[in-house]
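This report concerns the structure displayed below. Please keep the sequence and the model in view while reading.

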Amino acid sequence: MINIIVEGMTASGKSTLTNLLAERLKLDVMPEEFRDNYDLLGRFHHNRKWAFPMQLNFLVTRFAQYLCALEEGNYIMDRSLFGDKVYAKLYYELGYLSDGQFGQYKREAA
């Protein structure tokens with residue numbers, strides 16, 4: 001079983017690298033999943049108060065993807081739950097998450 005995770009900032013070339021490596025190494029691609037029924041990412045772009053529900057949604061989605069990759073094997077992933085903590089901390093430092101929200105996020109991510 002082979003699982004590779006590509007992490008990086010938005011628009012840094014993760015998807016391009018992921019696809020090139022997948023082709024070269026004959027792996028299945030598991031792209032970053034950020035779709036949801038409530039368009040939390042879109043709402044966040046218009047109002048930063050949506051940072052907390054967006055980050056929790058990302059965490060849950062990435063955890064599910066990670067479990068799927070572990071069970072099925074031979075995946076290269078574009079993002080993971082491990083890097084998600086970096087973004088949550090960044091949003092906290094930017095003031096998009098309150099102390100209570102960041103504390104709750106850390107408890108959920110533990």
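Predicted model: local features only at pLDDT ≥ 70, side-chain atom pairs only at ≥ 80, totals over all residues.

**Sheet and packing helix**

Three strands form an open sheet in the order β1-β3-β2, and their pairing is parallel. At the edges lie β1 (3–6) and β2 (28–30), each of which pairs on one side only. From one strand to the next, the twist averages 20°. Three bridges join β2 to β3 (residues 75–78) in the parallel sense, and Asp28 has Tyr75 in β3 as its bridge partner. Helix α1 (residues 14–25) packs on this sheet and touches β1, β2 and β3; its direction makes about 175° with that of β3.

**Helix α5**

In α5 (residues 99–109), the buried residues include Phe102, Gly103, Tyr105 and Ala109. Because they cover an arc of only 160° around the axis, they lie on the same side of α5. Helices α3 (51–72) and α4 (81–93) are among the elements that cover them.

**Aromatic residues**

The model contains four aromatic pairs. Two of them are tabulated here.

| Pair | Centre to centre | Angle between planes | Type |
|---|---|---|---|
| Phe44 and Tyr96 | 5.9 Å | 70° | edge-to-face |
| Tyr91 and Tyr96 | 5.7 Å | 35° | tilted |

Ring pairs join Phe44, Tyr91 and Tyr96 into a cluster.

Arg48 lies over the face of Phe44, 4.5 Å from the ring centre. Arg62 lies over the face of Phe58, at 4.7 Å from the ring centre.

How values were computed: Residues numbered from 1 in each chain as written. Heavy atoms only, no water. Buried < 20%, exposed > 50% of the residue type's maximum accessible area, 1.4 Å probe, protein only. Helix = DSSP H or I, 4+ residues; strand = E, 2+ residues; numbered from the N terminus. Arc of directions from axis to C-beta. Contact = heavy atoms within 4.5 Å. Pairing = 2+ DSSP bridges. Axes fitted to C-alpha atoms, helices over the stretch in contact; angles between N-to-C directions. Phe/Tyr/Trp six-rings, centres within 6.5 Å; stacked < 30°, edge-to-face > 60°. Lys NZ or Arg CZ within 6 Å of the ring centre and 35° of its normal.
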